[in-house]
Each structure stands twice: as C-alpha cells, then as structure tokens.
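Hi,

Here's the structure I promised to pass on.

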Amino acid sequence: MMKSRHHCKKPKPYLIITNISKRQNIRNLIQIGASFGVTTIFVVGQKSFNFEVNNDLDNGKKSSSDMPTAIVDGVRRGKMKIIRFEKLEECVAHIKSLPCCETDDVQEHQKMIQDVG
C-alpha cells in the first residue's frame, strides 16, 4: 500500500468566473458555488458586475451590489472571498501558488511545496 505524502483534511474547492456576460448567470454561479462549499471565488475581468459588498444597508440605504442577497452577509463576515484579476493567466498563477488542501501540519505543507519546486 502506498503511503500519502501529506494528509488532506479536505480539498479546497474554488470557483473561477471568466467570460460570463449576463449578470443573472454570474449570480447563479456564485450561489451554486456557495452551495457546494466554495469559500473563494476568483473573478477574471467582469468589470460591469459590482462584486463590492458595502455596508449601505446598515445606514438604511439600498446596496448597489450585484451580489446575490443570500451571499452578501457571508462575504461581509469573511466566510467567502471574492478575488479579482484582470487576466486569466494571473488568476491561474495565483491558484497554482495556493495549497490544494487543508493539511494537518503547516510545516508538512511547506515541505510539500519545496519537493514540488
């Protein structure tokens, strides 16, 4: 039996949104991602969609965000992150630099990265 080099608690799912033009499709992708446990969404381009989650609602003003209402609170509380990129290549490079899973030991993860590099 082959022994694993590291112990993953569970893989980290990510969602990349790129080249989607309709607001409702973007909103649907975000909601579907959240339902599958995605906590980080990478957005490439998409300048017309307002991903900002401000606190206007706390001041009695209507929010100008295009984000799904059910997701806004999670983003505000830091349960979900939206990270934006201009180009897909930048997004891919960033994702490759991230750990693929939550490991039991941070030092073990760092060694894993050194072994790959």
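First, a definition for what comes next: rings of Phe, Tyr and Trp (its six-membered ring) pair if their centres lie within 6.5 Å, with planes under 30 degrees apart counted as stacked, over 60 as edge-to-face and the rest as tilted. Ring pairs of this kind link Tyr 14, Phe 42 and Phe 85 into a cluster.

A word on provenance. This is a predicted model, where local features need pLDDT of at least 70 and side-chain atom pairs count only at pLDDT 80 or more, while totals for chains, interfaces and linings use all residues. Residues are numbered from 1 along each chain as its sequence is written, and side-chain values use heavy atoms, leaving out hydrogens and water.

Back to the rings. The count comes to three aromatic pairs. For Phe 42 and Phe 85 the ring centres are 6.1 Å apart and the planes at 45°, so that pair is tilted. Phe 42 lies in strand β3 and Phe 85 in strand β4, so the pair ties together parts that are 43 residues apart in sequence. (Strands here are DSSP runs of E, at least two residues, and helices runs of H or I, at least four, numbered from the N terminus.) Phe 42 is buried at a relative accessible area of 0%, and Phe 85 is buried at 13%; buried means under 20%, exposed over 50%, partly exposed in between, with a 1.4 Å probe and protein chains only.

Now for β3 itself. Five of the five residues of this strand (residues 40-44) are buried, so it is largely enclosed by the rest of the structure. Thr 40, Phe 42 and Val 44 point one way, Ile 41 and Val 43 the other. What does β3 pair with? Strand β2 (residues 14-18) runs parallel to it over five bridges, and so does strand β4 (residues 81-85), again over five bridges; strands pair if DSSP finds at least two bridges between them. Phe 42 is the bridge partner of Ile 16 and stands opposite Ile 83 in β4.

Last, Gln 46, in the loop between β3 and α2 (69-76). Its relative accessibility is 13%, so Gln 46 counts as buried. Its side chain reaches the backbone oxygen of Ile 20 at 2.4 Å, inside the polar-contact rule (N or O atoms within 3.5 Å, one able to donate a hydrogen and the other to accept it; residues adjacent in sequence count only if both atoms are side-chain atoms).

Cheers
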